[in-house]
Every structure is written in structure tokens, then in C-alpha cells.
Amino acid sequence: MLEGIDNDEVLSLLIAANVSSLPRMFINAFIVEIGTQTILIDGGAGNINGWGGRLVPAMVAAGYDPLQIDTILLTHGHSDHVGGLAGPLATKHFRNVKKVFLHRAELNFWRDDEARKVASADYQRLFDVACNVLDAYQQQLTPFEDGDVLLPGITAVHLPGHTPGHSGYLLESDGDSLLVWGDILHFPYIQVARPDATFAFDYTPDLAAKTRRKILTELSQNGRYVTGVHFNAPVRAKIETLGDSFQIFYEQQSRDVD
Ligand SMILES: [Zn+2]
């Protein structure tokens with residue numbers, strides 16, 4: 001799935017980080033509470049292609065009723081981020097959602113018939129899943145621009161390249177902050193060390209790599225916490241520089257991470 005890096009280097013980075021070299025990718029989703037609001041960031045893969053599908057049981061186990069979710073924030077429209085939000089024939093899985101936020105460029109991209117026509121067969125399948133979800137929540141779709149404050153303490157951060165409207169969300173509360181992103185990193189231990197290694201589904205790989213280096217640089221300077229949909233667990237981390245590249249330090253976690 002990675003380009004611009006060979007298998008030997010991947011293996012040596014994983015061994016150096018003391019983690020499993022099994023070819024697996026994690027998919028996280030996040031819940032944020034603000035006052036009486038309950039917000040879901042991304043919606044997992046919904047068992048499309050046999051990926052994931054455990055969002056609702058995981059939410060219930062964590063004490064949340066899916067009907068409590070009133071807002072959804074999307075990092076982007078790929079199937080592993082929106083597949084769990086709707087069933088066949090554009091059936092909503094989260095019926096009480098009032099707003100679904102996504103970057104305007106992201107909405108325009110998935111609704112662009114020309115972009116769909118020129119896409120590969122694999123990518124066209126992504127269009128099908130994204131459009132099914134956009135149809136399901138058509139009345140709730142709320143496009144934003146970079147820097148918009150969407151909710152108290154939540155600011156949109158445009159991080160383009162992986163998709164045209166790919167975004168993160170900066171959460172700020174009581175002097176603390178956390179950036180939640182989608183697909184800046186698919187394989188954290190590899191791509192922090194080699195930020196130029198791109199991912200097979202990057203729509204504009206050069207821009208994705210440039211954005212990755214930029215935001216990693218910013219985080220290493222401002223010391224903010226960050227978490228991501230493909231982090232090795234749903235925990236927060238800090239980024240530090242290491243020569244010309246970076247290192248990721250997950251915060252102490254309640255279960256093993258590999
Ligand atoms: Zn993803």
C-alpha cells in the first residue's frame with residue numbers, strides 16, 4: 001500500500017519500533033462531548049470488504065447510544081471513514097444527526113461526475129460508498145472552509161492531498177488541545193520516519209506528502225497532542241523531530257499497542 005519506500009526499510013522501521021510486522025491497518029473513530037452535544041468523528045468502515053464494522057457495538061460498550069449522536073465530523077469521504085454511517089439504499093445509521101460537517105472541496109469532489117469517470121475501477125467503488133452516505137445525510141450536510149469554527153472549541157484544519165478536502169479537527173478546551181486527523185498517516189511508525197512515503201489511495205500523492213511534512217513540523221514545534229483514525233490505538237500522541245524526519249510517542253495506553 002505504500003509507495004516510495006521498499007519492504008526492507010519498512011521491516012527495519014517496524015523492528016526498530018518493536019512492533020508487529022503483520023500487514024495490518026487500524027481504523028479508529030472518536031466521540032467528543034460538548035455540553036449536551038455528542039459528536040462522532042468519522043464512522044469506520046462498516047464491514048465494507050470485510051473491514052471493521054464494530055463501531056456501534058464499541059459505542060454501546062463505551063456507554064453511548066447511537067441515537068445520542070447529534071453531529072458528525074468527517075475527515076474525508078473514503079470508505080474506511082464513512083462506510084459505517086449508512087446502510088444500503090442510503091439508510092442512515094445515526095438517525096438523530098442534525099449536521100454532518102465536511103470540507104466543501106470534499107463534498108464537491110465526491111459529487112463530481114467527471115472525477116468519477118476518470119477514476120480507476122477501485123476508486124469508482126469508493127465513489128459509490130461515499131455517495132451512498134452523502135445521499136443518506138443529504139439534508140444534514142454542512143460544508144466548511146479551512147479555519148472555520150464549527151462548534152465551540154472545534155476548528156476545521158484543511159489538510160489536502162490524500163483527498164481534495166481531507167481535513168483534521170483542532171479541539172481546544174481549558175487550555176488543552178488535540179488535533180484529530182484522518183489520513184495524514186496510515187502506518188504511523190513508518191510514515192513519521194519516512195514522511196515522503198505515500199499511500200496507494202492518495203489522490204494527489206505529492207501534495208499529501210507535502211501536507212504530512214508540514215503538519216508534522218507544526219506539531220513538533222507547537223507540542224500539541226494529536227490522534228488519528230489510523231493510529232495504532234485510539235490514544236493521543238506527540239510528535240518530535242528526529243534529524244530530517246519525525247518520531248511518534250503515544251501517550252500511556254490502557255492496552256497493548258502493536
Ligand atoms: Zn483511511
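1. Overall size first. For a chain of 258 residues, a compact globule would come out near 18 Å in radius of gyration, and this one has 17 Å, so the two agree. Keep in mind that this is a predicted model. Along its principal axes, the C-alpha trace spans about 50 × 45 × 35 Å.

2. Next, what the chain is built from. There are eight helices and 16 strands. As for burial, 40% of the 258 residues count as buried. If you take the contacts with a separation of 6 or more, 63% of them are between residues 24 or more positions apart.

3. On to the core. The largest nonpolar core holds 53 residues, and the ones touching the most other members are Ile72, Ala130, Val133 and Ile239. Helix α6 (residues 121–136) supplies the largest share of this core, with seven residues. In soluble globular proteins, nonpolar side chains tend to be buried together. Have a look at Ala130 while you are there: leaving aside residues up to four places away in sequence, Ala130 touches Gly77, Val82 and Trp110.

4. Now the five-stranded sheet. This is an open sheet with mixed pairing, and the strand order reads β2-β3-β4-β7-β8. The edge positions go to β2 (30–34) and β8 (141–144); each has a single partner strand, so one side of each is left without a neighbour in the sheet. From one strand to the next, the twist averages 25°.

5. Strand β4 (residues 71–73) and strand β7 (residues 99–103) run parallel and are joined by three bridges. Ile72 stands opposite Val100 in β7. You have met Ile72 already, as one of the residues with the most contacts to other members of the largest nonpolar core.

6. Trp51 is 49 residues from Leu2 in sequence, and the two C-alpha atoms are 19 Å apart in space.

7. Of its 10 residues, the number buried is one, so α1 lies largely in the open. Just after α1 comes Asn18, which takes a positive phi of about 60°.

8. Two further backbone spots to check by eye. Asn47 is not a glycine, yet has a positive phi of about 70°. Asn47 is in the loop between β3 (37–41) and α2 (55–61), and counts as partly exposed because 13 C-beta neighbours lie inside 10 Å. The other spot is Ala90, also a residue other than glycine, with a positive phi near 55°. Ala90 has its place in the loop between β5 (86–87) and β6 (91–92). With 14 other C-beta atoms within 10 Å, Ala90 is partly exposed.

How values were computed. Residues are numbered from 1 along each chain as its sequence is written. This is a predicted model: local features need pLDDT of at least 70, side-chain atom pairs count only at pLDDT 80 or more; totals for chains, interfaces and linings use all residues. A nonpolar core is a set of buried Ala, Val, Leu, Ile, Met, Phe, Trp, Tyr and Cys residues joined through C-beta atoms within 7 Å. A residue is buried if 20 or more other C-beta atoms lie within 10 Å of its own, exposed if 12 or fewer, and partly exposed in between; C-beta atoms are placed from the backbone. Helices (H or I, at least four residues) and strands (E, at least two) are DSSP runs, numbered from the N terminus. Two residues are in contact if their C-beta atoms, placed from the backbone, lie within 7 Å. The radius of gyration is taken over C-alpha atoms; the globule rule is 2.2 Å times the number of residues to the power 0.38. Two strands pair if DSSP finds at least two bridges between them. Axes are lines fitted to C-alpha atoms, for helices over the stretch in contact, and angles run from 0 to 180 degrees between N-to-C directions.
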